[in-house]
Amino acid sequence: MTTYVYRDAAGLAETARWALYADSLVCAAAVAIALVQGPWALLYGDLAAAFGIVQLVTAVGSLILFLLWFYRANANVRAMGADGLTGSPGLSVAWFFIPIVFLFMPFVVMRDTWKASASPRDWQGQPTAPLIGFWWAAMLATHLAASFSFRLWLSGDYDVVEAVGVLDLISNGAGILANLLSVALMMRIQRLQVSPAHLSETFR
Amino acid sequence: MATSTIDGTVEEAVLRRRRPKMSVYDRILFRLDDGSTRTWAKAVVMNDVADLLTPGTRGRFYTFSAIDHRGISGVRTDDGREAFGFGRVNEYAGLGVFISMTLLVILQMSLLDGVSVWALVLAVLGLPLFLLYRQTRLDAEKAFKADAGFRPAARAA
């Protein structure tokens, strides 16, 4: 049986928080450009390539930092005495990338991590926070809209530019919401994991 | 994936539905010897085991979890009763998906000269699903057998 050691994830959470804010700003800029200059601007305009690279870097960077924090938070609840959690911290992160399964398992592991942070020794009796459902809905909207937009754009047909623009707008708008909800979720779980009440429950 | 044990007393067992072979509980609440509680939510329990999960039953309870599927696979009570049961529906489902989707992919490749991405993804997911549930069942059986002859201490008077 694997033994987990509690390690403070405050530094990781703080770094991930600023990365998510940065990605939100880039998403907001994308929305503004699309609304002012039209859907063509971000696909074929002068800034298209550079903006695309910036957006890719902030999106991937913030996702990596968020998942690094999540790995640590999930390992911490195990160290705090939560048992019966799904898989391992590594698998909890891997669910985000497994086809079909990524539609629901990230919600499940995030929900369980929240519950276990609130009460490590009796986490299954905890209620599910509505914030997690909103967070996962925003994440799904972001990624599904981006995925459909990318597939349409790959078709190379000029007739679909309008649809690609609308999907990008949805993706970026939902992305801002998803990032802000990710920050809220992360900070709440952080507070739960270091609150004196739970630390005393953990180490009693 | 994960098996563990709970030593304590069943305080509450809220049944959601009972089928011919298994029962699903909204929650089973255990009171541990140190006074704390442990909840097992949305628990799937085979009926042989479920029959012993009545409030007041004291003993050792063998739990498992696999993906988002949790349950009680065995129980040994302080009055000497014991039961073990582990459903194999998900294990067979994983194997069925793997075999049927693999056959579909082979048929598509040989007859249609193309492959459905969904069939391929399901074939790839079916095998680990089968292996995961099989391993959990084997772990649960092993944990229960390892305790053979164990008799939980009776409640202090």
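Two residues are taken to be in contact if their C-beta atoms, placed from the backbone, lie within 7 Å. By this criterion, and leaving aside residues up to four places away in sequence, A:Met186 touches A:Ala13, A:Ala16, A:Arg17 and A:Trp69. The model is a predicted one, in which local features need pLDDT of at least 70 and side-chain atom pairs count only at pLDDT 80 or more, whereas totals for chains, interfaces and linings use all residues. Residues are numbered from 1 along each chain as its sequence is written, and chains are lettered from A and ligands numbered from 1 in the order in which they are written.

A:Met186 is also listed, with A:Ala16, A:Trp69, A:Ile132 and A:Trp135, among the residues with the most contacts inside the largest nonpolar core, which has 39 residues. Such a core is a set of buried Ala, Val, Leu, Ile, Met, Phe, Trp, Tyr and Cys residues joined through C-beta atoms within 7 Å, a residue being buried if 20 or more other C-beta atoms lie within 10 Å of its own. To this core α7(A) gives the most, with nine residues. Apart from it lies another core, of 32 residues, including B:Leu29, B:Ala66, B:Ala83 and B:Tyr133.

In chain B, the axes (lines fitted to C-alpha atoms, for helices over the stretch in contact, with angles from 0 to 180 degrees between N-to-C directions) of helix α2 (residues 89-112) and helix α3 (residues 117-146) come within 7 Å and cross at roughly 155°. α2(B) and α3(B) are therefore roughly antiparallel to each other, the term applying to angles over 145 degrees.

Key: Helix = DSSP H or I, 4+ residues; strand = E, 2+ residues; numbered from the N terminus. Parallel < 35°, antiparallel > 145°, perpendicular 65-115°, else oblique. Buried ≥ 20, exposed ≤ 12 C-beta atoms within 10 Å, placed from the backbone.
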